[in-house]
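Let's take a walk through a protein model together. Keep the picture open and find each spot as we get to it.

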Amino acid sequence: MQRFILGKKNHITWISAILIAIAFISRFAFENIELFIWFLATASILGVAPIAIQAYQALRVKVVSIDVLVTIAVVGAFLIKNFEESAIVTFLFLFGAFLEQRTLNKTRSAIKELTEMAPESALKQMENGEFEEVEVDEVDVGDILLVKTGAKVPVDGTVLSGEGHINEASITGESVPVSKKKDTQVYAGTILENGTLQIVADRVGEDTTFGRIIELVEEAQDSKSEAERFIDRFSKYYTPAVLVLSIIVGLISRNIELAITILVLGCPGALVIGVPVSNVAGIGNGARHGVLLKGSEVINDFSRVDTVVFDKTGTLTIGNPKVADKQIYAENVNEVLGYLTSVENESDHPLAKAVVEYIGNTKLYPVEKTDVVKGGGIVAEVDGHRVAVGNVALMEQESVELTDKARADIASFEKNGNSLVLTAVDGELKALMGIRDQIRPGVKEDLQKLKKLGVKNLVVLSGDNQGTVDLVARELGLTEAHGHMLPEDKSAYIGELQAKGRIVAFVGDGVNDSPSLALAQIGIAMGSGTDVAIETSDVVLMNSDFSRLPHALGLTKATANNMRQNIIIAVGVVLILLASLVFSEWMNMSIGMLVHEASILVVIFNGMRLLRYKLRY
């Protein structure tokens, strides 16, 4: 019975409205007081039923909810035969709940749209070579899939054949189609606008980029900030306090109607809902614009950031460096380059890829006993020789002697903004390569936006040489630049900034960035970075789109301000209502409930403004 009544709550709302309308028509059109009272009494009993059930369910778990206060107020009004008040209060409360649900659903629309974009089926190549439609859960890594024009890409994968343009708005927030051809990456949940592609599945189900987006956003909207937790605790004690106050006022004044009115006016509905609706709307806006905010607490901390620390490669720069200068110190050039390529093939580091691409086709040798030196490079045994490939620090660690000419070359390469890759064979320096990366387009303008949003310190930390880092810092107008930084040096530096009272955000994309992402108050991962970096971070910029960073910061500031506005509105309305009750004669239960429900809608609509937020500069 309880479930049936609660399931028909919206129907009861409209029936109550009709009964109240008939009651007033009976009174003013036909001057029939008996029908007026009968219809209002029926509306009161019918309207209070779902509210009383919710109050009973709350009391069963030892919670004095708003429903408890309204139920007591309505029953009290009914007992003193104030049927007009009891009927109108129940209708306003039910109608307010109906409007709340409708508007709250809109604030969650961005998240709902996101989940509805999840692909449900795929065209999978079977053993006979034919493609058959299967549930997306039946697709495994390594399966070959066919994607036709207008279809959703079902998994993260690599294009095997075909060409087309894909709308990646569900991943990046950018609706401009992206060209796809052989060997390019595609993502689940994106839409092939034209062309036909055959892809091989690299990630399926929850492991896809889109699957992780949905999981992170759902976790974010379910999490609670410290402000929300405080309000929950406050409401737990505040609501019973209102009940006790009304009882005391009733006993002292002998005015039951006054006591009942206090119950209605003191309801903290707007206060309870104001903060969550701001956070959900903010998270929804971020999801639409390629920014994943992992929870309400992240929004609060990010909004107060005054220092942003950046990794260089893949963050401020494109992360696709090229060999710009080289110097060989050996006669057997081809052999040295073969050793170098063989070792660099063992690494996924951008500098290693640049070296392999530059050297091209050459003889490869078997590589054994590979040892990756964190922040230094690689030491391995190649064709019976000990080969060390890395930076100057690694050469010193390997006791490689650097001649005056080599040191002069190193200084010259660094001055030109190169990252250095030195190669030593059996303790002797054989080759030096200078590699330069290109700064991301538009980064300088984005950094200026961060400054306008109140960020006072922009710092770059990098494992590259100081000359390279200084060159980037000068070009971008950064506050500080520090090179030759190992992962532990970066996290230690962040600790120093925090000890000085700075609120620090760290932006990075690699495994080596994970300690710094975890230590900073806000860790921001570039979305095409490693899984470890994305999981460790608090904010993810999808598709490594740096231009999303100013939007993310502006959004969190707007959300935090919106939250404070809602708290002020909620508290202010309660104070005004109670003051009106004491200092005026026009305040009554019906007006109080009307204002109370209106205040809830005001904070919801105020929160919904965040769904349309865009950075103005």
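Below we go from the inside of the model to its surface, and then to its charged pairs.

A bit of housekeeping comes before the tour. This is a predicted model, so keep in mind that local features need pLDDT of at least 70 and side-chain atom pairs count only at pLDDT 80 or more, while totals for chains, interfaces and linings use all residues. Residues are numbered from 1 along each chain as its sequence is written, and side-chain values use heavy atoms, with hydrogens and water left out.

Let's start with the cores. A nonpolar core is a set of buried Ala, Val, Leu, Ile, Met, Phe, Trp, Tyr and Cys residues joined through side-chain atoms within 4.5 Å. Buried means under 20% relative accessible area, exposed means over 50%, and partly exposed is in between (1.4 Å probe, protein chains only). The largest core here has 42 residues, and Phe-302, Leu-447 and Val-539 are among those with the most contacts inside it. Helix H23 (residues 548–583) gives the largest share of this core, five residues. Helices (H or I, at least four residues) and strands (E, at least two) are DSSP runs, numbered from the N terminus. Another core, of 37 residues, lies apart from that one, and includes Phe-39, Ile-51, Ala-73 and Val-574.

What does Val-539 touch? Beyond residues up to four places away in sequence, its partners include Val-291, Phe-302 and Ile-524. Contact, by the way, means heavy atoms within 4.5 Å.

Take Ser-16 in helix H2 (residues 9–28): its relative accessibility is 0%, so it counts as buried. Leaving aside neighbours within four places in sequence, Ser-16 is in contact with Ala-43, Gly-47 and Phe-91. Asp-67, in helix H4 (residues 66–79), is buried too, because its relative accessible area is 14%. Among the residues Asp-67 touches are Ile-51 and Gln-54; the C-alpha atoms of Asp-67 and Gln-54 are separated by 6.3 Å, though the two are 13 residues apart along the chain.

Now for the outside. Ala-518 sits in helix H21 (residues 514–519) and is exposed because its relative accessible area is 51%. Elsewhere, Val-244, Ile-247, Ile-248, Leu-251 and Ile-252 make up a nonpolar surface patch with about 500 Å² of accessible area together. Patches are made of residues with over 30% relative accessible area and no salt bridge, with like charges joined within 9 Å and nonpolar side chains (Val, Leu, Ile, Met, Phe, Trp, Tyr) within 5 Å. The areas come from the Shrake-Rupley method with a 1.4 Å probe, and for residues only the protein chains shown count as cover. Val-244 belongs to helix H9 (residues 226–253).

Last stop: charges. Side chains of opposite charge can pair when their charged atoms come close. How many salt bridges does a search of the whole structure find? It finds eleven, each being a side-chain nitrogen of Lys or Arg within 4 Å of a carboxyl oxygen of Asp or Glu. In one of them, Glu-357 pairs with Lys-322, with the closest N and O atoms 3.1 Å apart. Glu-357 lies in helix H15 (residues 350–359) and Lys-322 in strand E10 (residues 322–328), so this pair ties together parts 35 residues apart in sequence. Arg-436 and Asp-325 also meet in a salt bridge, at 3.5 Å from N to O. Since Arg-436 lies in strand E15 and Asp-325 in strand E10, that pair ties together parts 111 residues apart in sequence.
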